[in-house]
Amino acid sequence: MSLKDRLEEYSKSNMYPFHMPGHKRMFEGPYKIDMTEVEGVDNLHHPTGVIALEQQRIAKIYNSKESLMLVGGSTVGNLAAIYAACNEGDTIVIQRNSHKSVYNGAIIRHLKVEYINPSWDADGIFHGVTSEMVEAAIENYSPKAVVLTTPSYEGYHCNIEDISNICHEKGVILIVDQAHGAHLGFHPDFNHSAVGFADITIQSLHKTLPCLTQTALMHICGKLVDSRKIKEALEIFETSSPSYVLMDSISRCMDFLEEKKDIFGEYVDKLADFYEVSGQLRHLHIIDESNEIKDKGKIVISTRNAGITGVELANLLREKYEIETELSSFSYVLAMTSIMDTKEGFDRLKKALLEIDGTLKEEQIEMPEITFESNKVMEPFEAKNKSAESIAFDEANGRISNVMVCLYPPGVPVIVPGEEIKEQNIKLIKDALEKSIQVTGLISGTISVVK
């Protein structure tokens, strides 16, 4: 019996709840299956029954040695993976465009951080880390672990099989933040799953599969990590009252993957049909790479030569066509898709882009100097342990940051604690604010810096 079926059965029983939660299942909808760890529905942090069976089913679906359900998103998976894989004082290598949770994991564990700087294009979009970059980083820094993000927010892949071989030849733990890759491995066009290659793979179900927000998975496959330590770390970072509503959603998602195997082929066909619009656009440009390089499900629309910013295109799509996109930046928009998207939805986006494109003219927009390379002066955890003061961000040139400043989404830091703030950082962030790109880490125009 799946967890979904067990919760449904329990909700229909005559059992009276003299226990949490306080709504006592008296409301309709998700309240009926919102449980606590009573007899029969198991305990996520010590599974011996239906949750243990559910996690075994997930491992079979993903071809993993062991899979764990997460109800705190990929964030809790990243924190737990880094905490369990490394000890204080160890060196960890991460790619510079990692999610802020990866940085926070390194800070919490008091790790020495070294970076891989992947290339980025004229739109400020990072491409995948190469095997050569990883090999050089291991040779230079002798890390305990390497943390990679693949695919990236915009869908760019690493060659994870080659990178896995490089790491394991040197006895280095490979952790992959695959938050945007829970759909990988179910179709030849989506064949870049890190499961089976990385020691630990973290995937957000809710990003690319039909599952509720905050649902994620952790897959443990390598011989270099201790799953007991990972589970102990999850008890530290994840709530001790995990949501059965979210776990029910995971169970339903697994049912869907088992029952709807043809849906990935249909999704590929719908994407192929959509990308045909690319040849009809004169000013907007849809970035179309091979499946080996980039996930086609991440539709990236460049406005760099169309005379408008990505934010302006996103506003047009929202206000005139009632289409909400995932991300808008200086010169591009990201439209995230999934197996649940309809042909009607793709056609609406196609029609909107063609109409907008017809109103534009060939004009290169002014772009800021985009750089994410580290100016590390001290380790991130050292900066967080120092006394700090708030100063005007305009006056921060040359100071050492005490906080993480990110463009959000995707939550990739422009400035990391322990880095010297440069004039180009200030200009980039001010340009982002002027173009209505959300920036986190500043408070009323001030930034916290090391005294």
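# A guided tour of the predicted model

Select His 206. This residue is partly exposed, with a relative accessible area of 24%. Remember as you go that the model is predicted. His 206 sits in helix H7, residues 205–208. Now show what surrounds the side chain. Leaving out residues up to four places away in sequence, His 206 touches Cys 211, Leu 212, Thr 213, Gln 214 and Thr 215. Ala 182 and His 206 are 24 residues apart along the chain, and their C-alpha atoms are separated by 8.5 Å.

**Cysteines**

How far is the sulfur of Cys 253 from the closest cysteine sulfur? The distance is 4.4 Å, to Cys 211, and that is too far for a bond. A disulfide would need the two sulfur atoms within 2.5 Å. Cys 253 is buried, at a relative accessible area of 0%. Across the whole structure, the search finds zero disulfides.

**Strands E13 and E14**

Stay in this region and select 405–407, strand E13, together with 412–415, strand E14. The two strands pair in the antiparallel sense over three bridges. Pick Val 405 and look across: Ile 415 in E14 stands opposite. Then move to the turn. The hairpin has four residues between its strands, and Gly 411 takes a positive phi near 90°.

**Helix H14**

Select residues 423–434. Does the length of H14 agree or disagree with that of a helix at 1.5 Å a residue? Its 12 residues should span 16 Å, and the end C-alpha atoms are 16 Å apart, so the two agree. Colour the buried residues of H14: Asn 425, Ile 426, Leu 428, Ile 429, Asp 431 and Ala 432. What covers them includes E13, E14 and strand E15 (439–440). Step past the end of the helix to Ser 436, where phi is positive, near 65°.

**Ser 448**

Move on to strand E16, residues 446–450, and pick Ser 448. Ser 448 is buried, with a relative accessible area of 16%. Show its contacts, leaving aside neighbours within four places in sequence. They are Ala 388, Glu 389, Ser 390, Ser 401, Asn 402 and Val 403.

**The four-stranded sheet**

Now display strands E8 to E11. They form an open sheet in the order E8-E9-E11-E10, with antiparallel pairing. Which strands stand at the edges? They are E8 (285–286) and E10 (327–328); each has a single partner strand, so one side of each is left without a neighbour in the sheet. Zoom in on E10 and E11 (residues 332–336), which run antiparallel and are joined by two bridges. Ser 328 has Val 333 in E11 as its bridge partner.

**Helices H1 and H2**

Finish with residues 3–11, helix H1, and residues 50–62, helix H2. Two packed helices are described by the angle between their axes and the distance between the axes. Here the axes come within 9 Å and cross at roughly 150°. H1 and H2 are therefore roughly antiparallel to each other. Show side chains where the helices meet: Leu 3, Lys 4 and Arg 6 in H1, against Val 50, Ile 51 and Glu 54 in H2.

Methods:
Residues are numbered from 1 along each chain as its sequence is written. This is a predicted model: local features need pLDDT of at least 70, side-chain atom pairs count only at pLDDT 80 or more; totals for chains, interfaces and linings use all residues. Side-chain values use heavy atoms; hydrogens and water are left out. The expected span of a helix is 1.5 Å times one less than its number of residues. Buried means under 20% relative accessible area, exposed over 50%, partly exposed in between (1.4 Å probe, protein chains only). Contact means heavy atoms within 4.5 Å. Two strands pair if DSSP finds at least two bridges between them. Axes are lines fitted to C-alpha atoms, for helices over the stretch in contact, and angles run from 0 to 180 degrees between N-to-C directions. Angles under 35 degrees count as roughly parallel, over 145 as roughly antiparallel, 65 to 115 as roughly perpendicular and the rest as oblique.
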